[in-house]
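The following note sets out numbered points for a colleague who wishes to read the model alongside its sequence. Please consult the display below while going through them.

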Amino acid sequence: MERNYRKLWWQHCLAIICFSVIPLLFVNISLYGLFDRIYTEKVKETLRSSAENQRDSIDLFFNERIAQLYTVANTNTFENLTNESYLNKVFEIMHTKSNSYMDIGIIDHEGNHLSYVGPYYDLLKTVNYQHEPWFNAVKANGIFISDIFMGYRKSPHFIIAVLVRDKSNPWILRVTINLKNIDDIVQKAWLGHLSDAFLVNKENKLQTKPRFGGDFLEPPTLPGFTTGTLVDRPLYPDFSSVVATKVERRSVHGYDAFFAATAISNTKWVLVIKESPDELLSPLQKGKYWALLLTALGLAIIATGAALFTNTHVNRIKKTDLENATNSDMLLQANKMIALSKMAAGIAHEVNNPLAAIAEKAGWMKDLLAEEDIAGSKNFTEFNESVDKIEQHVDRARKIIHNLLGFARRMEPAKEKINVNNLLDETVGFLENESKYVNIRINKQYAENVPVITSDLSQIQQVVLNLLNNAIDAIGHDGTITVASRYLDKTDEVEIEVADTGKGIPENEFGKIFDPFFTTKEVGKGTGLGLSISYSIIEKLGGKIRVQSKVGEGTVFTILLPKQ
Amino acid sequence: MDTLRVLIVDDEDDFRETIVKRLNARKILAEGAASGILALKTLEDKDFDVIVLDVKMPDMDGIETLRHIKKLKPEIEVIMLTGHASVEFGLKGMQLGAFDYVMKPAPLNELLDTISQAFNKKRGLIH
């Protein structure tokens with residue numbers, strides 16, 4: 001049965017690819033997943049510590065300011081500080097060492113602004129703070145840090161106020177903080193080009209200006225949405241109630257980001273940090289591309305390997321199939337030969353005895369006819385001719401039987417040293433006259449390196465003679481027979497080739513030419529045993545006989561003989 | 001010259017009888033025996049110069065008969081008649097002392113030639 005090698009190729013190739021690719025993909029995907037999880041955790045951790053560091057910095061800033069204010073309030077007398085030139089001196093000392101303050105003022109327990117140093121002197125000097133929310137808060141708590149507010153100066157600012165608890169005359173030291181200082185600290189939390197950080201109060205109102213739009217006291221809006229009216233803008237998630245540090249990755253309005261939020265302990269503010277995943281996870285992205293590239297490379301290698309391996313494998317199967325087919329053909333032919341030779345021997349035996357009797361009877365009749373009076377029998381000539389014919393046909397039958405016996409004979413072939421080229425020359429010599437007569441040229445192509453072989457000379461000669469006879473018959477007249485010899489050093493065999501330019505063998509007769517009794521010659525001209533005898537002779541000598549033929553072009557018989 | 005005496009041993013009656021007649025017609029004293037056993041019996045009473053012995057026979061085959069003949073009367077020349085794919089038997093017979101073998105069916109002339117050769121050999125031995 002003919003295999004579908006193309007289908008086999010694909011099946012084989014795809015099987016190899018599947019079984020190699022599935023584990024490859026499995027390993028790659030799970031490794032990537034693991035890497036992704038670990039890396040994201042790491043990023044969150046970094047974000048958390050960054051947020052906490054900034055929070056601590058802000059707290060430290062406030063602690064230092066409060067300590068400084070306490071020191072100023074408690075090391076200077078009320079009288080001195082209400083003297084504005086003295087206060088100016090103190091403010092200058094405070095200001096030299098840290099650029100944290102915008103202005104300073106002293107307020108009595110009734111809210112009167114007793115002294116003031118700063119840029120809003122005219123505006124604020126006459127103000128009474130008795131009804132301001134911070135005024136009451138500082139009187140109640142002793143210290144107060146305000147949210148950002150507009151106040152009398154109509155610009156965003158915030159203040160720190162400390163109460164000096166003088167029994168008869170409690171008073172308040174109040175400073176406005178330079179917003180730039182807080183901004184500087186908060187901006188240190190920007191890790192990348194797309195990151196942002198800001199402070200919000202308990203009402204989720206901005207206490208510092210975010211990097212990407214939004215203004216003081218507005219709720220924080222997401223980057224890219226800063227235009228249009230405030231109500232339309234998508235807001236940051238509300239972290240204003242956060243106490244402990246919180247880190248999360250969230251998608252808000254389709255905007256994917258990492259958020260970290262942590263409460264500032266000195267104020268009621270919350271520090272919010274936003275980071276872009278694209279930026280933070282860019283090594284992971286790079287890793288993803290590398291993984292994809294390596295996977296693709298792996299796939300290419302697997303596919304190439306599978307194709308190459310499958311090619312080799314399928315070719316091997318093809319070769320084995322061909323060998324098996326040839327072997328089974330040869331086995332079939334050999335079995336056929338054994339069965340036929342047994343049958344031939346049987347037939348020869350059974351036919352021989354009656355044939356011998358017929359021959360003798362005919363002979364006896366001839367003997368008797370010789371004694372007859374010619375004139376006495378009017379049919380004498382007819383009798384005589386008939387007896388002659390009987391003898392003639394018995395002889396023909398005898399030859400057929402002898403050929404059959406030759407075919408069936410199971411004798412050990414002789415072993416002698418043969419010069420193949422001489423053998424061919426001699427055999428061709430037998431037929432040279434016959435071939436000249438029908439204008440067939442015999443072309444000799446003997447290789448010089450053909451070694452002397454050990455085999456049965458007369459049997460090989462019989463085969464070659466048989467092939468030459470067939471070649472002459474196939475051509476009829478006008479043509480060429482090429483007799484060639486070659487030495488195949490790879491297999492240590494000698495090759496004899498008899499090629500004719502005859503009519504060729506039709507495809508439907510190809511399988512039968514070595515069968516006994518198969519002949520295309522006229523009845524009575526060939527026994528149909530020549531090639532089958534040749535086949536069994538060459539087989540017995542350990543050689544091979546092959547045939548190639550094309551109708552209208554000719555036939556080539558090739559005999560391969562082992563050197564020993 | 002002595003008359004040539006030939007014994008034809010073959011189980012095929014038509015063949016044996018006809019060949020006996022034809023040899024007789026050629027002034028040869030020929031007799032037939034239908035089996036190896038009968039041939040050996042005939043040999044007890046009569047003498048022959050040449051025996052033509054078929055290889056393949058029932059009861060006792062040609063080779064076996066040949067052994068007995070050679071024991072009984074080694075001077076008689078024996079020609080083996082091989083009927084089928086049994087050139088080996090012909091050769092075997094020659095190893096056992098047969099003069100020659102003839103492939104059956106053979107034209108009478110071929111058989112006659114071989115018989116006269118065998119006879120000449122025997123006479124050469126006797127004289």
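1. Chain B contains 5 helices and 5 strands. Their order from the N terminus is β-α-β-α-β-α-β-α-β-α. Helices here are DSSP runs of H or I with at least four residues, strands are runs of E with at least two, and both are numbered from the N terminus. The model is predicted: local features need pLDDT of at least 70, side-chain atom pairs count only at pLDDT 80 or more, and totals for chains, interfaces and linings use all residues. Residues are numbered from 1 along each chain as its sequence is written, while chains are lettered from A and ligands numbered from 1 in the order in which they are written.

2. Of the 127 residues in chain B, 45% are buried (20 or more other C-beta atoms within 10 Å of the residue's own, with C-beta atoms placed from the backbone). Among contacts in chain B with a separation of 6 or more, 58% join residues 24 or more positions apart; a contact requires C-beta atoms, placed from the backbone, to lie within 7 Å.

3. Which element supplies the largest share of the side of chain B that touches chain A? In total, 16 residues of chain B contact 20 residues of chain A. Helix H1 (residues 13-25) of chain B gives the largest share of the chain B side, with 7 residues. By class, that side has 8 nonpolar, 3 polar and 5 charged residues. Ala, Val, Leu, Ile, Met, Phe, Trp, Tyr, Cys and Pro count as nonpolar, Asp, Glu, Lys and Arg as charged, and the others, Gly among them, as polar.

4. H1(B) has 13 residues and spans 18 Å from first to last C-alpha, close to the 18 Å expected at 1.5 Å a residue; the expected span is 1.5 Å times one less than the number of residues. Its buried residues include Phe15(B), Ile19(B), Arg22(B) and Leu23(B). After H1(B) comes Lys27(B), with a positive phi near 65°.

5. In chain A, helix H10 (residues 420-437) and H11(A) cross at roughly 35°, their axes coming within 10 Å. Axes are lines fitted to C-alpha atoms, for helices over the stretch in contact, and angles run from 0 to 180 degrees between N-to-C directions. This contact of H10(A) with H11(A) has 11 nonpolar, 3 polar and 1 charged residues.

6. Helix H11 (residues 457-475) of chain A also packs with helix H12 (residues 530-540) of chain A, at an angle of about 145° and with axes 9 Å apart. Contributors include Gln459(A) and Asn466(A) of H11(A), and Ser534(A) and Ile538(A) of H12(A). By class, the contact of H11(A) with H12(A) has 4 nonpolar, 6 polar and no charged residues.

7. An open antiparallel sheet of 4 strands in chain A has the order S6-S9-S8-S7. Strands S6 (196-200) and S7 (246-252) of chain A are at the edges with a single partner strand each, so one side of each lacks a neighbour in the sheet. The twist averages 25° from one strand to the next. S6(A) and S9 (residues 270-275) of chain A pair over 5 bridges in the antiparallel sense, pairing being defined by at least two DSSP bridges. Asp196(A) is opposite Lys274(A) in S9(A). Helix H1 (residues 5-75) of chain A lies across S6, S7, S8 (255-263) and S9 of chain A, at about 40° to S8(A).

Technical notes: Two residues are in contact if their C-beta atoms, placed from the backbone, lie within 7 Å. A residue is buried if 20 or more other C-beta atoms lie within 10 Å of its own, exposed if 12 or fewer, and partly exposed in between; C-beta atoms are placed from the backbone.
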